[in-house]
Amino acid sequence: MEVQHRVAAELTRIGPVIDQLGERFAAAGHELSLVGGPVRDAMLGRLQNDLDFTTSARPEETERLLAGWVDATWDMGRAFGTIGARIGQWQVEITTYRAETYDPTSRKPDVDFGDSLAGDLGRRDFTVNAMAVSVPGRGFEDPYGGLVDLANRVLRTPGRPEDSFSDDPLRMMRAARFAAQLGFTVAPEVVAAMTEMAGRIEIISAERVRDELVKLVCAPFPRLGLTLLVQTGLADHVLPELPALALESDEHHRHKDVYEHTLTVLEQAIALEERLGGEPDFVSRFAALMHDVGKPRTRRFETGGVVTFHHHDVVGAKMTRKRMQALRFSNAEIDAVSKLVELHLRFHGYGAGEWTDAAVRRYVRDAGDQLERLHILTRADCTTRNQRKADRLRRTYDSLEARIERLMQEEELASIRPDLDGAQIMAILDIAPGPRVGAAYKHLLELRMDRGPMSPEDARAALLAWAEANPEPGPES
């Protein structure tokens, strides 16, 4: 009854759009149904402004029926039978009934148009996404028991999971993503099929895998999805650095389970996202997930039962860059995440506050525009159960942030530059543009880090002293 009330309320809110669309298609002799995610989300009371429909009309007919009535249309998905449109605040996608199959060696689906709603629902990924509401009549279609699975918070496939994943192996990633988004469990037979068929994900393009991974990591419960990827072996193919963190225990060399530590760091980073505005932040979350991936390669057992991971920050940054490149992330995302992984240990040299102001300036300079995310990662990286130690680390980082804030106010630290720019350097030394200008600029920047701001006179004297100590080589004889 509660579900029915939620659905009725949500459909009332979107009634003018779905009913008018349904009437236009019905008048032309076509069926139209709200389908998939919007129906599921209406039952969960979380319907968004994106509405998906399925229809008996072919794309060109859909386009004709929308012309002159909607605010805008687009047809990037025409090859898959999809026409998009904007109607006021609503983003609408209308797709012809489909029957989709994958060639075992192909990365792209062969798309055939279907001829019935039941057939279209049968080819969808999970039963909770295989429900529809026909419009304008508002008839509810649930041939595969999606409503029951929704109530039980479980993910099942409409048919045999082996058939579903053979048709589209990306659905295995989607199972993990929906678990992370909805907090659902995955049916045992679906988990078994994912485990058996994990290798099939290799035929899917890196871009499609990346997009699912981003949605999973940015979901409310990413631990659920990531755990499923590792459990089924999918992670071995799409993010092998993650399962590699589950280092084997040694009775003589006890140390933290780095895999569980990593998932805890991720959750603690998520809890700090209000520092970035509160929205899911992929860069911050993925940096938390990857920050220790260099540990398996750098693990060493020392005398006395000590385990070390020297330089795992540098090694991990290189591994992170390589993995993100393989997944076709943008250069900006790769640079940001890799920088955070490389810098995540820097704070531990701070001790009890022994850094000089110069060291604090370098910390800020090296972090650059990732400083706030570095604050989050560094704080999240404390997973000790020793409350006294945790409180001490928190207070120490509070102290570092306070020093950064003070220097920011005093010196405009975020945009720190040498006290002389390139033009001034060339004028004082009477030289043309070239490597010597860059070397002088770098020297003055280091002085700025060490000493703080200098007067123009002091900066000029420092530049001339550098030039005298580093004369420009004469022409070769």
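Colleague: Which residue's side chain meets that of Glu-63 in a salt bridge?

Modeller: That would be Arg-78, at 2.4 Å from N to O. A salt bridge here is a side-chain nitrogen of Lys or Arg within 4 Å of a carboxyl oxygen of Asp or Glu. Before we go on: this is a predicted model, where local features need pLDDT of at least 70, side-chain atom pairs count only at pLDDT 80 or more, and totals for chains, interfaces and linings use all residues. Residues are numbered from 1 along each chain as its sequence is written, and side-chain values use heavy atoms, with hydrogens and water left out.

Colleague: Thanks! Why would two such side chains pair up at all?

Modeller: Side chains of opposite charge can pair when their charged atoms come close.

Colleague: And which parts does the Glu-63 and Arg-78 pair tie together?

Modeller: Glu-63 sits in helix H3 (residues 59-66), while Arg-78 is in the loop between strand S3 (72-74) and strand S4 (82-87), so the pair ties together parts 15 residues apart in sequence. Helices (H or I, at least four residues) and strands (E, at least two) are DSSP runs, numbered from the N terminus.

Colleague: New topic: which residues are linked in a network of salt bridges?

Modeller: Arg-275, Glu-372, Arg-379, Asp-391, Arg-394, Asp-398 and Glu-401.

Colleague: Where is Glu-401, then?

Modeller: Glu-401 is in helix H19 (residues 387-411), and at 18% relative accessibility this residue counts as buried.

Colleague: What does Glu-401 touch?

Modeller: Leaving out residues up to four places away in sequence, Glu-401 touches Arg-275, His-375 and Arg-379. Contact means heavy atoms within 4.5 Å.

Colleague: Last one: how many residues of helix H18 are buried?

Modeller: In helix H18 (residues 371-380), 8 of the 10 residues are buried, so this helix is largely enclosed by the rest of the structure. The buried ones include His-375 and Leu-377.

Conventions:
Buried < 20%, exposed > 50% of the residue type's maximum accessible area, 1.4 Å probe, protein only.
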